[in-house]
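Please open the model in a viewer and keep the selection panel at hand. The stops below each name a selection and describe what is found there.

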Amino acid sequence: MKIWKDIFTGDEMFSDTYKVKLVDDVMYEVTGKLISRKLGDVQLDGANPSAEEADEGTDEAVESGVDIVLNHRLCETGFGDKKQFTVYLKDYMKKLVTKLEETNPSEVDTFKNNINKVMKELLGRFKELQFFTGESMDGEAMIAMLEYREINGDSVPILLCFKHGLEEEKF
């Protein structure tokens, strides 16, 4: 199993339990799905389930959302407008280039050459994107983007993460 973590915070962003596609050697597209699951589905030793079930006044708590977001404890964040998002992207890209120059200089040219096309496309779809930080909620680290795409008649959530802002860990 592989898990991709943010290089700045160590937050888990996604794993290979999902369909993962690398685009232009700079962006991972991770296919998720909408799910609902019960919260607190726990049986305590010594509890009397029949007596507890008799309490008709309680509703089961259900959490719903995109499986990648729920399973990796991503936290939704946002930008007021496209200008704020552009400022974040420019700062984050500078930070990534600096890190790449230290850790993987051979990837700097690939990153610089391919990222502009990807950034232009992202800015064009700004209003369709949702934004998520890792569990540490560090706004200076990677902010993943989520969009819904029409695939085979279904609206499918796709998480977008910058390849060079992640480290791959094998288990």
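**Stop 1: a lysine in the first strand**

Begin by selecting K5 and E169, whose side chains are joined by a polar contact of 3.3 Å. A polar contact is a pair of N or O atoms within 3.5 Å; within protein, one must be able to donate a hydrogen and the other to accept it, and residues adjacent in sequence count only if both atoms are side-chain atoms.

The model is a predicted one, in which local features need pLDDT of at least 70 and side-chain atom pairs count only at pLDDT 80 or more, while totals for chains, interfaces and linings use all residues. Residues are numbered from 1 along each chain as its sequence is written, and side-chain values use heavy atoms, with hydrogens and water left out.

K5 belongs to strand β1 (residues 2–6); helices (H or I, at least four residues) and strands (E, at least two) are DSSP runs, numbered from the N terminus. With a relative accessible area of 16%, K5 is buried. Here buried means under 20% relative accessible area, exposed over 50%, and partly exposed in between (1.4 Å probe, protein chains only). Beyond its neighbours within four places in sequence, K5 is in contact (heavy atoms within 4.5 Å) with G10, D11, E12, M13, G165, L166, E167 and E169.

**Stop 2**

K2 counts as partly exposed because its relative accessibility is 29%. With neighbours within four places set aside, the contacts of K2 are S15, D16, E168, E169 and K170.

**Stop 3: helix α3**

Now select residues 82–103, which form helix α3. How far apart are the end C-alpha atoms of α3? They are 31 Å apart, which agrees with the 32 Å that its 22 residues should span at 1.5 Å a residue; the expected span is 1.5 Å times one less than the number of residues. D81 caps the N-terminal end, with a side-chain oxygen 3.2 Å from the backbone nitrogen of K83.

Colour F85, Y88, L89, Y92, M93, L96, V97 and L100, the buried residues of α3. Their packing partners are α4 (108–124), β8 (130–133), β9 (144–151) and β10 (154–162).

**Stop 4: two positive phi values**

Most residues other than glycine have a negative phi. Select D25, in the loop between β3 (19–23) and β4 (27–31); its phi is positive, near 60°. At 26% relative accessibility, D25 is partly exposed. Then move to N152, in the loop between β9 and β10, where phi is near 50°. N152 is exposed, at 78% relative accessibility.

**Stop 5: the second largest pocket**

Finally, select N104, K163, H164, L166 and E167. Of the 13 residues that line the second largest pocket, these are the closest to its centre. The volume of this pocket is about 230 Å³. On a 1 Å grid over the protein atoms alone, a pocket is an open set of points where a 1.4 Å probe fits, with protein on both sides within 12 Å along at least five of seven lines; lining residues have an atom within 4 Å of a point. Helix α3 and strand β11 (166–170) each supply at least two lining residues.

Methods. Grid points are joined across faces, edges and corners, and a volume is the space filled by probe spheres set on the points.
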